[in-house]
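User: Hi! I have a protein model open and would like a friendly tour of its side chains. Could you walk me through it?

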Amino acid sequence: NSNLVKPGDVVIALGNTFGYADGTGYGIISSNSYKEVFSDGECRILATDIACAENGTGILFNQAGQVIGLISPHIWAERKGTTANAFAVSDLKAAIELLVNGESVPYIGISGTAVTNEIAKQQSMPTGMYVVEVDVDSPAMEAGIQNGDIIQDVNGTAIMNTSTYQKAVLECKTGENVKLKGSRLGAGGYVDIEFTVTIGSQE
């Protein structure tokens, strides 16, 4: 359970972290307060002080030998860091279970951020998930979803933030037609919008 990990915890990195196979390193969690946003979701980042090659990969374990993270060079790649950073495994469990069972990971192709009640009040906009980016040639783009739209419902599930959106998408099936409802800013303010999206696959 990577949700129990806290700064200062001792961790072990195994894998290709140093640019060669079967490398081993240990250190501590330096931060667990950041998140990486990607298409159709987000994931907490476990940052460590363990040395790592620029393209290093591997698995992050706690002292009990439990997997808590997947080390990836794509995390904060623009920083060209030299320490191992990992995607928190608890945020990936639903996708991992699908893959283990031979199923595809559902894909719509939206990156977004939450419109909280406070933001909604300040900016006079509806709550939900604000669409920051739509992937090119994605099911979302084909359905007509645009940057700036606010997604409020996926297949009958109310969307309040990125986490609820991610969970709703993972409950869909590849090839299924799903209704997305929300709001779009027009000349006279926000108007209701509705799309039918054919769920794709991340593989």
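Analyst: Happy to! Let's start with K179 and E194, whose side chains meet in a salt bridge at 3.6 Å, N to O. A salt bridge here is a side-chain nitrogen of Lys or Arg within 4 Å of a carboxyl oxygen of Asp or Glu. K179 sits in strand β12 and E194 in strand β13, so this pair ties together parts 15 residues apart in sequence. Before we go on, this is a predicted model: local features need pLDDT of at least 70 and side-chain atom pairs count only at pLDDT 80 or more, while totals for chains, interfaces and linings use all residues. Residues are numbered from 1 along each chain as its sequence is written, and side-chain values use heavy atoms, with hydrogens and water left out.

User: Is K179 buried, exposed or partly exposed?

Analyst: K179 is partly exposed, with a relative accessible area of 39%, and E194 is partly exposed too, at 46%. Buried means under 20% relative accessible area, exposed over 50%, and partly exposed in between (1.4 Å probe, protein chains only).

User: How many salt bridges does the structure hold?

Analyst: It holds five. One of them joins D149 and R184, with the closest N and O atoms 2.7 Å apart. D149 lies in the loop between α3 (139-143) and β10, and R184 in strand β12, so to speak a link between distant parts of the chain, 35 residues apart.

User: And how accessible are D149 and R184?

Analyst: D149 is buried at 1% relative accessibility, whereas R184 is partly exposed at 23%.

User: Switching topic: which residues touch the most other members of the largest nonpolar core?

Analyst: Those are I108, I110, I145, I151, V154, Y165 and L180, in a core of 20 residues. At least two core residues come from each of β9 (128-134), β10 (150-154), α4 (162-170), β12 (177-186) and β13 (189-198). A nonpolar core is a set of buried Ala, Val, Leu, Ile, Met, Phe, Trp, Tyr and Cys residues joined through side-chain atoms within 4.5 Å.

User: What is L180 in contact with?

Analyst: Contact means heavy atoms within 4.5 Å. Leaving aside neighbours within four places in sequence, L180 is in contact with I108, I110, I145, I151, D153, V154, I193, E194, F195 and V197. Apart from this core lies another, of 13 residues, including V5, A13, I71 and A88.

User: Which residues are buried in α4?

Analyst: T162, Y165, Q166, A168 and V169 are buried there. They cover an arc of only 165° around the axis, which puts them on the same side of α4. That arc is taken from the directions from the helix axis to the C-beta atoms.

User: Last one: how many aromatic pairs are there?

Analyst: The count comes to one. F18 and Y20 form a tilted pair, 6.0 Å centre to centre with 40° between the planes. Rings of Phe, Tyr and Trp (its six-membered ring) pair if their centres lie within 6.5 Å; planes under 30 degrees apart count as stacked, over 60 as edge-to-face and the rest as tilted.

Technical notes:
Helix = DSSP H or I, 4+ residues; strand = E, 2+ residues; numbered from the N terminus.
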